[in-house]
Protein chains: 2
Amino acid sequence: MDKKEIISNFFKDYNLNQENLNLIIQQAYFKKLPKDVNVLADECLGFVIVLSGNFRAFIMSNTAKEITIFELNKNDACMMCQDCVFEKIAYNIFIQSTQECEILIIPKELFTMLKDKYPKIYDYVLKLMAMRFNALVNILEQALFTPLSVRLNEFLKAKAKNKIISLSHEEIALHLGSSREVISRIIKTMQKEGFIQQNRKEIIILKDL
Amino acid sequence: MDKKEIISNFFKDYNLNQENLNLIIQQAYFKKLPKDVNVLADECLGFVIVLSGNFRAFIMSNTAKEITIFELNKNDACMMCQDCVFEKIAYNIFIQSTQECEILIIPKELFTMLKDKYPKIYDYVLKLMAMRFNALVNILEQALFTPLSVRLNEFLKAKAKNKIISLSHEEIALHLGSSREVISRIIKTMQKEGFIQQNRKEIIILKDL
């Protein structure tokens, strides 16, 4: 898809006039990011639409323990870089590419003009924010009230492609805010009980988790 | 303060025209709430400004364990009841009055009209949302990465009025997502070490926590 098509598609429900649509098509730009780039650290990008790849937003403790708070995949948008939001958000949120990614960036000045002019776009941004808030509530709930073994089960199910999870124990630990040792211990038990099988950097689901 | 004064004061930075300001003064209404009313459960109120009292927003597990995610005090505003936000928010967030409260409610239809007309009001709502998000990140971070004894210390300091905390162990446990037994055990240790003294439903700070 070319830029014009992506943008027309993304904004099709917002009744933008042709002039504003053209402005976006002129000013928006593609960016390719390699794996492991910290998006928020670099600069305030503007409004970001993910075209390919995956980003992981996480928080980190003083002792470098991490927990994933949301992920961004194809067609997801992110407004975390918007000034009005960003200045209120803790600096300890990290958004990192977990693989090679391509994004489309609408510069923040332009996006600010658009949301001031089109309340529907503002509604959309607010809904995005509410969705992230909701995801965070779910994670807090799980982290506090759900045993780690159950959370690990859910996580493996969600991450499996054709019953295969291509993540190391260390990576899983970072997603779940746990340590590699604890994750390895639970996975060993699951293997003993015949639920999964392990290869190098790969877990295969054998029975329903 | 009368309604006109409260409203003019609250919206003083938003350059509302006189007609819209009058609409708010006409349509906004006061509501007194007794202790322990669940605000979200009743109805979608609209935009709420807290005039007196205290509200506690919390999430609850299947096993009725709770953790406070933010509090609302005098002059705080809440947009959790706004349609556009509410429909995206998990139903397991509770907002409850912890004492007798008085609130001023701007009906949601009117508030929706205002934020569509005044982008600055929308910015304000988005900032509120970002603030709550930030608070939630901090709580998640603490709950996961900070020992409970440290969190309890911080909580007691924050809640003390003239070095006195008027909360039961049970109430403290609900704020921190812990159990009464665990809180009692830590408090007992703190008492032994001479940091606090306990009376009936009251904790007194003796030394710097």
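1. A nonpolar core is a set of buried Ala, Val, Leu, Ile, Met, Phe, Trp, Tyr and Cys residues joined through side-chain atoms within 4.5 Å. Buried means under 20% relative accessible area, exposed over 50%, and partly exposed in between, with a 1.4 Å probe and protein chains only. In this predicted model, the largest such core has 111 residues. Phe11(A), Ile69(A), Leu140(A), Phe11(B) and Ile69(B) have the most contacts inside it. Helix H6 (residues 119-145) of chain A gives the largest share of this core, 15 residues. In soluble globular proteins, nonpolar side chains tend to be buried together.

2. A word on the ground rules. The model is predicted, so local features need pLDDT of at least 70 and side-chain atom pairs count only at pLDDT 80 or more, while totals for chains, interfaces and linings use all residues. Residues are numbered from 1 along each chain as its sequence is written, chains are lettered from A and ligands numbered from 1 in the order in which they are written, and side-chain values use heavy atoms, with hydrogens and water left out.

3. Look at Ile69(B). Contact means heavy atoms within 4.5 Å. Residues up to four places away in sequence are not counted here. Ile69(B) then touches Phe133(A) and Leu140(A) in chain A. In chain B, Ile69(B) touches Ala57(B), Phe58(B), Ile59(B), Ile93(B), Ala135(B), Leu136(B) and Ile139(B).

4. Now the two chains together. A rotation of 180° with 0.0 Å of shift along its axis superposes chain B on chain A, with an RMSD of 0.0 Å. That is the relation of a two-fold axis. The superposition is by least squares on the C-alpha atoms of residues with pLDDT of at least 70 in both copies.

5. The interface comes next. 40 residues of chain B are in contact with 40 residues of chain A. Buried area is the accessible area (1.4 Å probe) that two parts lose on being put together, summed over both. Between chain B and chain A it is about 3700 Å², and carbon and sulfur atoms give 77% of that. Leu126(B), Phe133(B) and Phe145(B) supply 20% of the area that chain B buries against chain A, more than any other three residues. 100% of the interface residues of chain B are also interface residues in chain A, so the copies meet through the same surface.

6. Chain A is divided into domain 1 (3-145) and domain 2 (148-205). The bounds come from an automatic or database domain assignment. The domain centres, taken over C-alpha atoms, are 29 Å apart. Nine residues of domain 1 are in contact with eight residues of domain 2. The two domains of chain A bury about 730 Å² between them, 47% of it on carbon and sulfur atoms.

7. Strands are DSSP runs (E, at least two residues), as are helices (H or I, at least four), numbered from the N terminus. Two strands pair if DSSP finds at least two bridges between them. In chain A, four strands form an open antiparallel sheet in the order E1-E7-E2-E5. Strands E1 (29-33) and E5 (77-78) stand at the edges, each with a single partner strand, so one side of each is left without a neighbour in the sheet. Five bridges join E1(A) to E7 (residues 101-106) of chain A. Phe30(A) has Leu104(A) as its bridge partner in E7(A).

8. Finally, Met79(A). This residue is found in the loop between E5 and helix H4 (83-86) of chain A. Is Met79(A) buried or exposed? Met79(A) is buried, with a relative accessible area of 0%.
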